[in-house]
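Here is a short report on selected features of the model. Follow along in the sequence and the 3D view.

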Amino acid sequence: MITLKGLDFHYGGENGTGDGVDGIDLTIADGECVVLCGRSGCGKTTLTRLINGLIPHFYEGELIGEVLIDDHNVSKSELSETSKLVGSVFQNPKSQFFNIDTSGELVFGCENIGLPRDEIGKRLDRTVKDLKLAPLLNRNIFELSGGEKQQIACGSVYAADPQIYVLDEPSSNLDKKAINRIHDIFAKMKANGNTLVISEHRIHYLMDIADRFIYLDDGIITGEYTADEMRAMPDETLAELGLRCTDIRNIPANDQSDTMQNAAAALDVIDLSCSRGNSRILDIDRILLPENSIVAVVGDNGCGKSTLAEALCGLIPSDGSVALGGTFLSNKQRQQQCYMVMQDVNRQLFSDSVMEEVMLNAAVSQEDAEKTLEELGLGDFKDRHPASLSGGQKQRTAIAAALCAGKDIILYDEPTSGLDRTGMQRFGELLNSTRSKVKLSFIITHDPELILHCCTHVLHMDRGRVTAFYPMNEEGAQRVRNYYLSKSSDTTSKVRDKKSQIGKILEHTGKERPKVFLSALLMMIGAAASIVPYGLVGSLVRKILSGGRLTLDTALPVIVGMLICEILYAVFYMLGLRVSHHAAFAALENIRCKLQEKLEQQPLGSVMARSKGELKKLFSDDIESIEMLLAHMIFLHSSSLSL
Amino acid sequence: MDISVYGEDRSALVRFDPRTKFVIFISSLAVSSNSFNATAHEIYCVVLCVMLFLCGKKWNAVKMSLLLGTAVYVRTCMEMQATGSTVVVTIISFILTIFLYCFPILMSLLIITQTTRINQFLSAFQAMHIPTRIVIPIAVMFRFIPTVGEEWTGVRKAMAFRGMSLEPSAIIRHPVKTVEYILIPLLFSCISIMEELAAAALARGMDSDNARTSYETVHLRAYDYITMILFIAAGIWFFATGMVTGGAA
Amino acid sequence: MAKKEIAASANNNKKLRTKELIYAGAFGALYIVLMLVIVLGTSMIPILYLLAPITVGLVCGTVYMLCVLKVRKFGAALILGVLFAICACSNAWFSFVGALAAALLAELVIKFGKYRSKKMYLLSFVVFNLNMACPYMMLSFARDSFLKRSVEYYGQEYADGIEKIAPTWIFFPILGFALIGGILGALLANTLIKKHFKKAGVV
């Protein structure tokens, strides 16, 4: 049981801000799931840090009162002792993990406790089974998506088997699929009888797990609601409290479609494609984005949204053409006309005051800059250093800098990920008010409330391709809601494929692979045999040059030798070609079978949507043209190279 | 920068203990500073290539041995008939000599970095009873290097939109300003990540005063001992002959 | 002129705690990455390769200062020095020892200022940057054995040619470069820390 009695804490020490919590009296029973909610800066994170011991051992300040977990005094005991009782999962997936590989990270907590190897092995197996982490074992953490990293973080804490779990905004950078996955993990933890303390903005996915909702305002607990009470709360009350929606079906939508009639195209993308290594990560035929629109880009992590945004800005090399306002532009030109506000806000702040940051390299007057800052609620922070602001304030500073930069196209990557309702609404209103100044706003987001509040169009992406593009009218709003309510697929991110083109082709030949090497060898012997005649002729020429006379008798062995070599060359060449055709044929068979299997797994609609002729062409003509390539090109190349 | 995985031993034919690889490295140090006998040096280099092959990086081993072969071949040719302008010959032979000198060290470093996983390293350090106080910074350094690479890429992209260019001409004209623009976001970003990392590690029980166990195991087996003895003997032999030849000359 | 004092940390514990070990390791990674990027990027042009102590000192000075200011205990500079020595000086044992000695000396300078004096922190970086001269030690100290080996391989005229290109005393200018780099880096670090990091409240 967790008891907080008369708790008073304010961040102090050298770098303190003076914020904190006051007069907290809270009791959390065993096995209960409590959700702490409230506006940004209300003290939710501070409470979680008080429970897991980071305050006062890591974050300094003045602490009055005590935190007790059964008999264990958290504030007075060592952090390593508290960590055996309390497991913590934090907000940022990127900075929580200590190891480079997933398996090492999963056992990190157990190693810290000092458990013997067999016990660690048992716990690892149990964690992998309970939390369904099998596809993520033995992988490089840097290659995982954000949601998968959070799953590993939860698994790492689960393996250490604490009684209490404390989670600080775990869903903050996650997409729909990942949120479903951690929801299942939390359900499992609760079913095991553990206590969960979760501090969250996005409360809609916790409605069926939470027992109590505790509302904090400015460091004081001002409300306590049961799950039913929360569910029954109307949207106006939620808005007043500054809380986000509790049910996706109820999110109100702003219909913007009438403002977008007859809009010219601002951005025209034709045949844009990007490859990383040897796999294609972006493949777009055609998109037309209208002028003065606010386009939301939606899709799972890893589907290519960030790649599309970076390709549009000209940051990464890509094939295809992008036209802005009718003129095709190169990468450098696009960089000059676009501006992207990135997800990691720390990387974009260059100056020592907010005012300076907004006016850096921008052709904007002081008054306009001040007006933008006021609209975003940053007027009081003009002279503060950007790095001393809170996360949400930093994000707003970056957005202010974007709006003052005077560029035509602004792209936002997850601008509202940690913002509460007020922050999100403010951002939406600001976008709307600047619609006339900016030709196009492009927002990558996982936030359904933002999309329904201020976007004019929605672009769906999946695996590098555009799957839908529609305006935000009533039908569009319903489509967005359905998307967020639908079940996600079960795929995990793929291990990066490091095989080259040749490697992939060789993989398709399957059993006949030795034949490929055999034919290459035969070709090389044949090529060697074809060189020898030149050497023989050379010897003849040298003999003439050195003064000897050329008669038929002396030249005969050389001529015979040349003939033999030519015959050998022809024979080996034919043998090699025959073997390579065998291998190519086998490869074709394998490719056809694989294609057939893949086709059977496609949803019926997409198959019927294609014409019969298209499928037939794919199977017969396209594949046969590969055979020519396989059989002849590769082996000719190998023989010429060896020459 | 794209250092995704430091080293892996999935395709190793023989799994050597990281401590054996350290011994190889130290003996290579001794060899390279005392390599007066050209043939012995070449034999040692070939043995290192074989070791790399055994440890799993087969293509790399073949490539390095081809490189070694070419270098020795060219040097032998030049010894026999040094035709051509003296300047070019001197420069090429200079480069070749440095290459052959560094070859043992380079190969042993490749063996260490490309075929060992970080967890095996840390486990070996703990088995060697190196205190946790030294192991933690090294582990953090390995884990943080890819993060610095990612942050650097992000900062570069952010700079592109602000009109701050990174071309050499711009760097020469405003060196201090460019350095400031590069360092400030990079440092703030990395400091934020390192604070969160420290908080997360501490909240999960890491403490330099307590002993940690390790799930990864490293065993010294028979072939490890044999290899270590062979390499130590080679190192001593080279060192001794080096002293003799160096002293005599 | 009053000596500037840096407020002492409330924590009087002398040993490095886990938090500080993690910070030192992370700053070490930053230092190494920046150093490698600068050295590898400029080593194409030979003259810039010899000037590396200056360029690296300029950029990495801020990283060093942040590390020691955040940790404020004995051992921060030493950890940076050890990580640098492992990564950059492993080709010769005397380079390794030289880099460690420079780091240890820098630690003593900070300790002499009782972890409060700003001038001592700046001076410690000038000393620390001497470690950038260590990888070049090989050019001076090992050249004797190098020359002997060249005589055996190529003959006397070749060795004479090498002697003309790179004289023995090349180590001393490099040492001078390291000192200049240290001073420039310390000055830049001072400006940047006052302008940004103090204002943001990080140190």
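## A hairpin in chain A

Strand β9 (residues 212-217) and strand β10 (residues 220-226) of chain A pair antiparallel over six bridges. Strands are DSSP runs of E, at least two residues long, numbered from the N terminus; a pair needs at least two DSSP bridges. Ile214(A) sits opposite Glu224(A) in β10(A).

β9(A) and β10(A) make a hairpin with two residues between them. In the turn, Asp218(A) has a positive phi of about 60 degrees.

## Basis of the model

This is a predicted model: local features need pLDDT of at least 70, side-chain atom pairs count only at pLDDT 80 or more, and totals for chains, interfaces and linings use all residues. Residues are numbered from 1 along each chain as its sequence is written, while chains are lettered from A and ligands numbered from 1 in the order written.

## Chain C overall

Chain C has 10 helices and zero strands. Helices are DSSP runs of H or I, at least four residues long. Of the 203 residues in chain C, 47% are buried (20 or more other C-beta atoms within 10 Å of the residue's own, with C-beta atoms placed from the backbone).

## A helix pair in chain C

The axes of α5(C) (residues 93-112) and α6(C) (residues 118-128) come within 8 Å and cross at roughly 170 degrees. α5(C) is therefore roughly antiparallel to α6(C) (an angle over 145 degrees). Axes are lines fitted to C-alpha atoms over the stretch in contact, and angles run from 0 to 180 degrees between N-to-C directions.

Residues of α5(C), including Leu105(C) and Phe112(C), meet residues of α6(C), among them Tyr121(C) and Val127(C).

How values were computed
Buried ≥ 20, exposed ≤ 12 C-beta atoms within 10 Å, placed from the backbone. Parallel < 35°, antiparallel > 145°, perpendicular 65-115°, else oblique. Contact = placed C-beta atoms within 7 Å.
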